[in-house]
Amino acid sequence: MDFAITPKMQKLLADIQQILEKEIYPLEREVGENGYRATLPKLKAARQKVKDAGLWAPQIPKEYGGLGLTMMEHGMVSAVLGQSLLGHYVFNCQAPDAGNMEILIEHGTPEQKKTFLEPLLRGDIRSCFAMTEPEHAGSNPTWLSTQAKKDGKDYVINGHKWFASSADGATFAVVMAVTNPDGPPHERASQILVPVNTPGFKFIKNLSVMGHVGEDHHSHAELRFDNCRVPQSNLLGKEGAGFAIAQERLGAGRIHHCMRWLGICERAFHLMCKRAAERELAPGKVLGTRQIIQMWIAESRAQINAARLMVLEAAWKIQELGQREARVEISCIKFFVAGVLLDVLDHAIQTHGGMGLTTETPLAAFYAAERGARIYDGPDEVHKMVVARQALKKYGVQVAT
Ligand SMILES: Cc1cc2nc3c(=O)[nH]c(=O)nc-3n(C[C@H](O)[C@H](O)[C@H](O)COP(=O)(O)OP(=O)(O)OC[C@H]3O[C@@H](n4cnc5c(N)ncnc54)[C@H](O)[C@@H]3O)c2cc1C
């Protein structure tokens with residue numbers, strides 16, 4: 001394993017850091033105080049600067065107009081961009097669009113690429129991914145009620161979804177719906193591209209998450225599909241391959257989420273140290289002279305370093321041996337890094353006292369946005385079970401799902 005950062009990558013990361021500090025950090029307070037939608041014109045201007053600098057869509061292959069970075073290289077970029085909740089959006093590598101671009105590149109027909117992928121790549125539109133349903137445990141993605149029935153040349157979709165991140169303002173949804181109810185559990189659902197202006201597509205509301213209703217890209221919606229009719233040519237990949245395609249996007253997606261979380265950790269760590277160095281408890285006595293604060297700083301540093309090495313190892317294993325061989329490492333990082341993220345954020349907030357809960361720093365927004373890290377893309381408990389199952393297999397114990 002060689003985790004050395006090449007001179008080309010060092011230059012790229014430095015250029016991205018510069019844009020982040022100059023163009024993106026100043027917009028954070030504005031989003032916190034005026035909302036995301038009100039800040040869109042300025043975010044759009046920042047996006048144009050990224051395009052002008054030739055840094056647009058780092059994760060996308062060059063033939064599709066991106067930088068063509070490898071998974072490990074994009075992981076490093078993700079760790080820089082993750083320092084701001086706005087970073088990935090400004091570079092057009094934000095979830096869930098990045099995953100949708102990836103599956104459209106891999107499975108889209110030429111027509112689907114023209115209609116859905118090309119405007120996404122240009123940053124002209126956004127998309128969402130609608131799999132989770134309120135009525136079923138999202139931890140078991142093979143258990144869905146949403147059905148897509150064939151009728152003539154169309155699919156007619158009926159169902160109820162929630163937590164469709166960024167559906168507010170999206171142009172289309174990638175919808176997981178059961179097309180083959182009698183098939184084996186992992187081959188029952190398909191992914192179908194549904195423009196949001198299709199009759200029967202109903203945007204119910206943005207959910208209030210951690211007390212924030214959110215808007216536009218920073219939101220999570222409840223949706224209904226009532227006799228929503230789309231042509232069968234909107235099927236992505238093969239019928240019944242919905243689960244397999246969803247799994248594909250999750251491997252690299254988890255590396256990117258974890259690296260993004262490490263970006264948040266670094267920013268929180270920096271703010272914690274800065275506050276410890278500046279805040280006086282009494283004249284001349286700064287917070288950083290207290291052992292308990294020093295302990296938080298030291299432990300956070302060790303946790304972040306350990307987490308980074310684990311993620312790089314998992315990324316290396318995926319690159320060298322494939323996603324299946326790396327499943328234990330992927331599950332380990334998913335719960336471990338999410339835990340580190342919340343620990344570091346909590347200590348950074350505590351170091352700031354009351355200020356840590358306000359929009360004077362990005363810490364409270366990070367916490368509210370990322371408490372879900374232990375839940376989305378598989379809750380901690382499911383990933384721990386995957387790790388334990390593999391470990392115990394060698395000892396003759398079968399861990400059932
Ligand atoms: C911020 C955020 C963004 C999201 N974005 C999207 C999106 O864009 N599109 C989408 O389709 N979905 C999205 N989701 C939904 C997410 O995928 C689900 O919340 C997740 O899969 C868990 O499903 P659930 O909420 O139904 O919890 P449940 O499946 O009901 O699980 C509840 C709890 O039970 C425990 N648990 C579950 N399984 C086991 C087990 N096997 N053993 C022991 N304990 C267990 C866990 O603690 C878990 O938190 C998002 C969620 C969040 C929080």
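Which domains does the shell around the ligand draw at least three residues from? I looked this up first, keeping in mind that the model is predicted. The shell takes at least three from each of domain 2 (127-236) and domain 3 (244-393).

Next I went through the shell itself. It has 19 residues, and M131, A137, G138, S139 and G372 come nearest to the ligand. Sorted by class, I get 12 nonpolar, six polar and one charged.

Then the domain layout. The protein chain splits into domain 1 (7-108), domain 2 (127-236) and domain 3 (244-393). I looked at the pair of domain 1 and domain 2: their C-alpha centres sit 26 Å apart, and 14 residues of domain 1 are in contact with 11 of domain 2. On the domain 1 side, helix α5 (residues 97-107) contributes the most, with five residues. That side of domain 1 comes out as six nonpolar, six polar and two charged residues.

Last entry, a helix pair. I found α7 (residues 242-278) packing with α8 (residues 291-321) at about 160°, axes 10 Å apart. Because of that angle, α7 is roughly antiparallel to α8, the cut-off being over 145 degrees. The crossing of α7 past α8 is left-handed. Among the residues making the contact I noted C258, L262 and F269 from α7, plus W296, I304 and V311 from α8. By class, the α7 and α8 contact divides into 18 nonpolar, two polar and three charged residues.

How values were computed: Residues numbered from 1 in each chain as written. Predicted model: local features only at pLDDT ≥ 70, side-chain atom pairs only at ≥ 80, totals over all residues. Near = placed C-beta within 6 Å. Nonpolar A, V, L, I, M, F, W, Y, C, P; charged D, E, K, R; others polar. Domains from an automatic or database assignment. Axes fitted to C-alpha atoms, helices over the stretch in contact; angles between N-to-C directions. Helix = DSSP H or I, 4+ residues; strand = E, 2+ residues; numbered from the N terminus. Parallel < 35°, antiparallel > 145°, perpendicular 65-115°, else oblique. Left-handed = near helix turned anticlockwise from the far one by under 90°. Contact = placed C-beta atoms within 7 Å.
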